[in-house]
Amino acid sequence: FYRLACGAPVPRNKLEEDLSWWGGLIRSGIGRERALSSTASDWVLVYTDAAGSARAGVVLLDGSSAFWYSFYLGATVPFLLHRKTQINAYELLAVLHSLLEFGDILSGRRVAWLVDNSTALWTARQGSSCASDLAGVAHALWALILELNIDAYFFWVPSKLNLADAPSRGAAPVLGDEVPSRVSVEDLI
């Protein structure tokens, strides 16, 4: 539907595929319940960033601890379309990667992702994109958010305030303990 709204042509089989995906999500019965009040300890902050070199970084702050890791997406990610602005896809994949990596910590929590790339930010917020590969990443992201019962929020942060900027360039951030990444590129989609 988003592709239609973008004015992009949508082949009939793509429209049927999208309708089937939404129907499956609705039939899955995944629901969410939230209390009306919350405390600061309910919140988790996740900073994500990617660099043009296909290295990405994540910093997680959950009030009592801080963790970070960096990872390399590879020279080419097989399911991504070729584009000049591949950084947009890398930034969105960093968000998905953080969710797969820290799903056990994020489950049932309020999570604010802080992202410095506007394309990745809006794609994550909307849950779709005119670009079919980015739409697939956004769909996987939101399916996992629903499955883990996460109350998700996405905010823009200036690059110089993004704690994940250093890990995306292979350096340690100003705080946190490094943890090894267990998620591979093949796990992303």
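## Exercises on salt bridges, cores and strands

Arg 83 and Asp 133 form a salt bridge in which the closest N and O atoms are 2.7 Å apart, a salt bridge being a side-chain nitrogen of Lys or Arg within 4 Å of a carboxyl oxygen of Asp or Glu. The model is a predicted one, in which local features need pLDDT of at least 70 and side-chain atom pairs count only at pLDDT 80 or more, while totals for chains, interfaces and linings use all residues. Residues are numbered from 1 along each chain as its sequence is written, and side-chain values use heavy atoms, with hydrogens and water left out.

**Exercise 1. Describe the salt bridge of Asp 151 with Arg 110, then that of Asp 165 with Arg 169.**

Step 1. Asp 151 and Arg 110 meet through their side chains at 3.3 Å, N to O; Asp 151 belongs to strand β5 (residues 151–156) and Arg 110 to strand β4 (residues 110–115), 41 residues apart. Both Asp 151 and Arg 110 are buried.

Step 2. Between Asp 165 and Arg 169 the closest N and O atoms are 3.2 Å apart. Asp 165 counts as partly exposed because its relative accessibility is 22%, whereas Arg 169, at 52%, counts as exposed.

Step 3. Asp 165 and Arg 169 also belong, with Asp 49, to a network of salt bridges, and the structure holds 5 salt bridges.

**Exercise 2. Work out the surroundings of Glu 101.**

Step 1. Glu 101 lies in helix α3 (residues 86–101), and its relative accessibility of 2% is why Glu 101 counts as buried.

Step 2. Residues up to four places away in sequence being left out, Glu 101 touches Tyr 69, Pro 180, Ser 181, Arg 182 and Val 183, contact meaning heavy atoms within 4.5 Å.

Step 3. The side chain of Glu 101 reaches the backbone nitrogen of Val 183 at 3.3 Å.

**Exercise 3. Which residues have the most contacts inside the largest nonpolar core, and which element gives its largest share?**

Step 1. A nonpolar core is a set of buried Ala, Val, Leu, Ile, Met, Phe, Trp, Tyr and Cys residues joined through side-chain atoms within 4.5 Å. The largest has 41 residues, and those with the most contacts inside it are Leu 73, Leu 99, Leu 106, Trp 113, Ile 150 and Phe 154.

Step 2. The largest share of this core, 8 residues, comes from α3.

Step 3. Phe 154, leaving aside neighbours within four places in sequence, is in contact with residues including Val 95, Trp 113, Leu 121 and Trp 142.

**Exercise 4. State how β3 pairs with β2 and with β6.**

Step 1. β2 and β3 run antiparallel and are joined by 7 bridges; two strands pair if DSSP finds at least two bridges between them. Arg 55 stands opposite Tyr 72 in β3.

Step 2. β3 pairs with strand β6 (residues 177–178) in the parallel sense over 2 bridges, and the bridge partner of Trp 68 in β6 is Glu 178.

Terms used:
Helix = DSSP H or I, 4+ residues; strand = E, 2+ residues; numbered from the N terminus. Buried < 20%, exposed > 50% of the residue type's maximum accessible area, 1.4 Å probe, protein only. Polar contact = N/O pair within 3.5 Å; in protein donor to acceptor, adjacent residues only side chain to side chain.
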